[in-house]
Amino acid sequence: MISKVLKYSFSDLIRSRWSYVYLVFYLVLGFTLLFLNTNLSKAIITLMNIVVILTPLIGTIFGVMYYYNSREFTELLLAQPIKRSSIFLGQYLGISLSLTISLVAGLGIPFLIYGLFQSSVILDFIMLLLSGAFLTFIFVALSVNIALLNTNKIKGFGYAILMWLFFAVIYDGIFLISLVLFDDYPLDQFTLVASLFNPIDLSRIMILLKLDISALLGYTGALFQKFFGTYLGSFISFGTLLLWVIIPVSLMTRFSNKKDF
Amino acid sequence: MVISISNITKKFGNLTVLKGINFDLDRGGIFAVLGPNGSGKTTILKIILGMVIPQSGEVMIDGKVVNKSWGHRKGIGYLPQIARFPDNLTVNELISMIKDIRQMPAEEKVLIEKFGMEPFLNQKLSNLSGGTRQKVNIILTFMFDSPILILDEPTAGLDPLSLVRLKELIQQEKEKGKIILITTHILNLVESLADEIIFLLEGDIYFKGSVQELTKKTGMNDLEHSIARILE
Ligand SMILES: Nc1ncnc2c1ncn2[C@@H]1O[C@H](COP(=O)(O)OP(=O)(O)OP(=O)(O)O)[C@@H](O)[C@H]1O
Ligand SMILES: [Mg+2]
């Protein structure tokens, strides 16, 4: 039954104007970057900085928006012989997949045209798309949870944006301040653990470990490499990102099962 | 087919809507759930469907506990009080979507004809008038042959001719031995159709029985005055 729900919400979403705006944005971004610097590696690094901030933002906005705007569809489905979790999982997959497809197609097309397959950076590029996909699935799940817990649309939207702001900006701020404040203590473990709790940092580390440019790794990334080595480090960041998807999704089914419609 | 409701309580925040409701529907027939606005009629219907989760109590259909589950909705046609549909679909698309999801034989053609809906089939739902939307709601509810029908204010917004058609339809379904639960504020509909009344008041069942029994109990001449007497 999930597949039926997925089918209808996906077709609803890809008919929506916003999916195209998002796709076109990435197309323009990809072409512009490649036009400006024909060096694929450099383009990937610039893209990384955009993708790790933008995919969470778009995932967050689409997640809440779709939840509130598709209330009619949800209520209709709730009266049908479908398990509740299938309704919400189906819609969740619909949003996440359509956003991921926009990302992959939008960046993939320019890179293909500029000869990605002849270049050595194809794996780096795939890692970038994988991180973007992870962040999309994570932030859509988080924002759908927020929407499920807030009947009030305005509040739900506000909390969701705050959540994005927290992971994208505030978290690193608090982190830096605590590094300065607790300068005298050994902070390696603290730093490692702290980075696991922020999916944005985590995906940045995952990409940079793959790129293997030590100058860009930053403090956290360098620690990751020192502590776990490149392979284990990548593996750990991948696994933790997976947990970041699984936990919010299972919370989503729990919250939806308790809700009155 | 037997529906039995036992000890259902429901609170929304600190508002107690149902304080331990019990009733059995152990035969086919039309059961009218009555009560003032906000007395919990829609709430109890949604609890039977599993859309609202009660704090305690059970809904059983043929001896099986069904609240918290979903399979029993295969056998229920539900007409919601407020018909809300995905606005960007046409009537036809909506009907085929529900058929696709339910995967059961549907007889929508007869209903489309009965309610004169042919001209609207290719229109977007967002462009339909309130009464026309209600007809779509009726078609979606009645097009499957469900042994249980739950109708929450089915007459809302209908013109007199459609109202007559709806009455015929409900009567017809009753004759097939179905259990039909209906809420309405139109008492003449209750008088002409209902086999039994379930009257909700302040979270309890104030009365359960036939129209005659209710008028006898209150000592009034008709249903309207009986209900006015109860609510005074
Ligand atoms: N999801 C909800 N959250 C909070 N309160 C709710 C919710 N659903 C219903 N209520 C409240 O529960 C009470 C009963 O509502 P219900 O819709 O069951 O009444 P009703 O008998 O169907 O009324 P009406 O005749 O107006 O249709 C109302 O006070 C309503 O505000
Ligand atoms: Mg109601």
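Reply: What follows takes the interface and then the ligand. This is a predicted model, where local features need pLDDT of at least 70, side-chain atom pairs count only at pLDDT 80 or more, and totals for chains, interfaces and linings use all residues. Residues are numbered from 1 along each chain as its sequence is written, chains are lettered from A and ligands numbered from 1 in the order in which they are written, and side-chain values use heavy atoms, with hydrogens and water left out.

Me: Why are B:Asp100 and A:Lys4 called a salt bridge?

Reply: A salt bridge needs a side-chain nitrogen of Lys or Arg within 4 Å of a carboxyl oxygen of Asp or Glu. Here N to O is 3.6 Å, so the pair qualifies. The rule finds four salt bridges across the interface of chain A and chain B.

Me: What makes B:Lys41 a polar contact of ligand 1?

Reply: The term asks for a pair of N or O atoms within 3.5 Å; within protein, one must be able to donate a hydrogen and the other to accept it, and residues adjacent in sequence count only if both atoms are side-chain atoms. An N or O atom in the B:Lys41 side chain is 2.7 Å from an oxygen atom of ligand 1, so the pair passes. For the side chain of B:Gln81 the distance is 2.9 Å, so that passes too.

Me: How do you know that the shell around ligand 1 has one charged residue?

Reply: Asp, Glu, Lys and Arg count as charged; Ala, Val, Leu, Ile, Met, Phe, Trp, Tyr, Cys and Pro as nonpolar; the others, Gly among them, as polar. By that rule the shell has four nonpolar, eight polar and one charged.
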